[in-house]
Amino acid sequence: MNELREILKFFGEMGAEFLHLPGSDPRADLAELNREILHCRRCRLCESKTHYVPGEGCNRPDILFIGEGPGETEDQFGRPFIGKAGQLLDKIIQKMGLEREDVFITNVVKCRPPNNREPLKDEVEACLPHLSRQIDILQPKVIVCLGKVALNNLLGTSHSMGRIRGQILSFHDIPLIPTYHPSYILHKKDKEEISRAKWEVWEDMQKVLALIPKRLP
Ligand code: URA
């Protein structure tokens, strides 16, 4: 088996991506999963979307960020978190001393729900296997759920973010940090509330940083 693995690894490195054992090469596994997502017709969201938004980033990330579903800009370009909420997420990632390329960013559903409504139960159920496979392939050290839709759909719970954040949860033995969705902060009007929410997200990100290997400067 190990010999076969080595042979397939060799051909994979030579560019024959289709010749690989699942589990042996996260880049090839992700490419294969992306191809499946880009042909997915498991729910109605594929009819109304412009582009599928599978997710992007490092294929062996320390951190996996999971949002709710693509918004208008993400749908237009096929990339996750690149609109206003994404700009705030980029700032958070940078403040953590990281780049977008160091982490992986995805959503619970890979197609935009019309008018940015919350994804429906059957849409989430149809799409969750994609997210589960992403987690299996990426093997992140920490999962960050951005908002209660990501959190509750992944865990099958009904937590309120205000109550649950601050705790370290777990998904299949991977530590899971729940925090506010960037849009939650962007929709606030009251300056004090904005500062408090930003501070709480920062506290949550400190917990994330404590769970990943230290990076050399
Ligand atoms: N909000 C999300 O939950 N995901 C995105 O990709 C963009 C905005």
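Me: Which residues lie nearest the centre of the largest pocket?
Reply: This is a predicted model. The lining of the largest pocket counts 29 residues. Helices H4 (72-77), H5 (84-95), H7 (148-155), H8 (161-164) and H9 (182-186) each give two or more residues to that lining. Nearest the centre lie Glu68, Ala85, His181, Ser183 and His187.

Me: How much space lies in the largest pocket, and what is its lining by class?
Reply: The space in the largest pocket is about 760 Å³. By class, the lining has ten nonpolar, twelve polar and seven charged residues.

Me: Which element gives the largest share of the lining of the second largest pocket?
Reply: The second largest pocket holds about 300 Å³ of space. H5, H9 and helix H10 (191-211) each give two or more residues to its lining. Among the lining residues are Lys84, Gln87, Ile185, Leu186, Trp199 and Trp202. The largest share is six residues, and it comes from H5.

Me: How many charged residues are in the lining of the second largest pocket?
Reply: Lysines in this lining include Lys91, Lys95 and Lys198. By class, seven lining residues are nonpolar and one is polar. The charged residues number four.

Me: Is Asn107 buried or exposed?
Reply: Asn107 lies in strand S3, residues 104-107. Its relative accessibility is 1%. The cut-off for buried is under 20%. Because its value is 1%, Asn107 counts as buried.

Me: Which residue has its backbone nitrogen 3.2 Å from a polar atom of the Asn107 side chain?
Reply: Leave aside neighbours within four places in sequence. Asn107 is then in contact with Ile66, Gly67, Glu68, Gly69, Pro70, Pro80, Phe81 and Leu131. The side chain of Asn107 has a polar atom 3.2 Å from a backbone nitrogen. That nitrogen belongs to Glu68.

Me: What share of the contacts with a separation of 6 or more comes from residues 24 or more positions apart?
Reply: The protein has ten helices and six strands. Take its contacts with a separation of 6 or more. Residues 24 or more positions apart account for 68%.

Me: What share of the accessible surface belongs to carbon and sulfur atoms?
Reply: Of the 217 residues, 46% count as buried. The accessible surface of the protein comes to about 11,900 Å². The share belonging to carbon and sulfur atoms is 52%.

Definitions and conventions:
Residues are numbered from 1 along each chain as its sequence is written. This is a predicted model: local features need pLDDT of at least 70, side-chain atom pairs count only at pLDDT 80 or more; totals for chains, interfaces and linings use all residues. Side-chain values use heavy atoms; hydrogens and water are left out. Helices (H or I, at least four residues) and strands (E, at least two) are DSSP runs, numbered from the N terminus. Buried means under 20% relative accessible area, exposed over 50%, partly exposed in between (1.4 Å probe, protein chains only). Contact means heavy atoms within 4.5 Å. Accessible areas come from the Shrake-Rupley method with a 1.4 Å probe; for residues, only the protein chains shown count as cover. On a 1 Å grid over the protein atoms alone, a cavity is a set of points where a 1.4 Å probe fits but cannot get out, and a pocket is an open set with protein on both sides within 12 Å along at least five of seven lines; lining residues have an atom within 4 Å of a point. Grid points are joined across faces, edges and corners, and a volume is the space filled by probe spheres set on the points. Ala, Val, Leu, Ile, Met, Phe, Trp, Tyr, Cys and Pro count as nonpolar, Asp, Glu, Lys and Arg as charged, and the others, Gly among them, as polar. A polar contact is a pair of N or O atoms within 3.5 Å; within protein, one must be able to donate a hydrogen and the other to accept it, and residues adjacent in sequence count only if both atoms are side-chain atoms.
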